[in-house]
Amino acid sequence: MGLDFVISEGGKFGVKLILSLVNNFNDYGGKSEYVQWAKERGEQMQNEDNFFTNPMVKRFYKNHIKTVLTRRNTITGVVYKDDPTIMAWELMNEPRCPSDVSGAMIQVTNILSSVLFCCYKDENHLLEVGLEGFYGASSSQKNPNNSPHGTDFIANNQIPSVDFATVHSYPDQWLSGRNHFGQLDFLQQWIYDHIEDAQEVLQKPVIFAEFGKSGYNASQKNQLYSVVYSLIYRSARIVGVAAGGLFWQQLVQGMDSYKDGYEVILTEPSSTVRLIAQQSKRLSVTPRRFLSKRKHEAPKAKRLT
Ligand SMILES: *[C@@H]1O[C@H](CO)[C@@H](O)[C@H](O)[C@H]1NC(C)=O
């Protein structure tokens, strides 16, 4: 019911949504809840990575996808799989499978899920994996601290039914031992590498779907936003693969309990809010041909900022 309302409001105000189908982490249940459900029904489980391998869990996840896609919104009357307010489905928020550093487990799950999407003929929406962008073992020198996380930015996004790649960026958490400028140096290379790989290897659009800087030093926050925004714009203005950036996180007044130091409140004027407005304006006049070039996509779901 809550989601029906969010989608209906999004439709009214022209906001497009990316809906995540499950969380890697425990908030809202996450993959560990699925593993727990299967355990309660007698399945042998070692750890929560069994989400990616256990057949009963896979059935639960498929049922969930089916239930969501075929749900009829009680406010708008539109079935989710036909709703143009939903721009894309995300298979999992920040999937990681630490017990398999090759990224192969996630690969298998991706393939299964994309096959499932074909069964429901959801041709009206884009599909993405929800990855943070960590590279597999062969390119792990591009990762923060060179460490693998059980995903492979290239292989996991290469699956044909995946329409665009995602990247998350939290250098302040990943490289907490470095100072601010050391973190920015890493970030610049991280963004650059992903645009380059999306352009040359994947040939798919890439969305910087989460980035941010915690703390209340506005100049540090703005420097981080500027690094992300300028590299996105550099690609977008020549109709490259960079399709936009979504900062973590936008709140409105009165949501104080959600504050985590990363928040931006657009109705409270600040230099960061001005940066966001500036980027949105310059992207809105940028030609956006790349997304509509690929054949199985909804032309409706084209405009991102
Ligand atoms: C904010 O960060 C900048 C750059 O790291 C630093 O020079 C400045 O002193 C900081 N400002 C405050 C108020 O801490």
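**Entry 1: Lys259 and the salt bridges**

I looked up Lys259 and recorded it as partly exposed, with a relative accessible area of 39%. Partly exposed lies between buried, under 20% relative accessible area, and exposed, over 50% (1.4 Å probe, protein chains only). The side chain of Lys259 meets that of Asp256 in a salt bridge, 3.6 Å from N to O. I use the term for a side-chain nitrogen of Lys or Arg within 4 Å of a carboxyl oxygen of Asp or Glu. I note that the model is a predicted one, in which local features need pLDDT of at least 70 and side-chain atom pairs count only at pLDDT 80 or more, while totals for chains, interfaces and linings use all residues. Residues are numbered from 1 along each chain as its sequence is written, and side-chain values use heavy atoms, with hydrogens and water left out.

I then asked how many salt bridges a search of the whole structure finds. The search finds seven. Among them is the pair Glu9 and Lys12, whose side chains meet at 2.8 Å, N to O. These two residues are three apart in helix α1 (residues 2-13), so about one helical turn separates them. Helices here are DSSP runs of H or I with at least four residues, strands are runs of E with at least two, and both are numbered from the N terminus. Glu9 is partly exposed at 22% relative accessible area, whereas Lys12 counts as exposed at 60%. I also recorded the salt bridge of Lys81 with Asp82, where the closest N and O atoms are 3.9 Å apart. Asp82 is partly exposed, with a relative accessible area of 36%.

**Entry 2: Strand β2 and its partners**

I turned to strand β2 (residues 86-90) and found that five of its five residues are buried. Which strands pair with β2? Strand β1 (residues 17-20) pairs with β2 in the parallel sense over four bridges. Strand β3 (residues 126-128) also runs parallel to β2, and three bridges join them. Two strands are taken to pair if DSSP finds at least two bridges between them.

**Entry 3: Backbone exceptions**

I reminded myself that most residues other than glycine have a negative phi, and that most peptide bonds are trans. Glu94 has a positive phi of about 55° although it is not a glycine. I located Glu94 in the loop between β2 and α4 (104-119), and it is buried at 8% relative accessible area. Val239, likewise not a glycine, has a positive phi near 55° and sits in the loop between α8 (218-236) and β6. The peptide bond from Trp248 to Gln249 is cis, with omega near 0°. Gln249 belongs to the loop between β6 (242-245) and β7 (250-251).

**Entry 4: The ligand**

Which residues surround the ligand? I listed Phe181, Asn217, Ser219 and Gln220, a residue being near if one of its heavy atoms lies within 4 Å. An oxygen atom of the ligand is 2.4 Å from an N or O atom in the side chain of Asn217. For the side chain of Gln220, I recorded 2.9 Å between an N or O atom and an oxygen atom of the ligand. The protein covers 35% of the 360 Å² of accessible area that the ligand has on its own, by the Shrake-Rupley method with a 1.4 Å probe.

How values were computed
A polar contact is a pair of N or O atoms within 3.5 Å; within protein, one must be able to donate a hydrogen and the other to accept it, and residues adjacent in sequence count only if both atoms are side-chain atoms.
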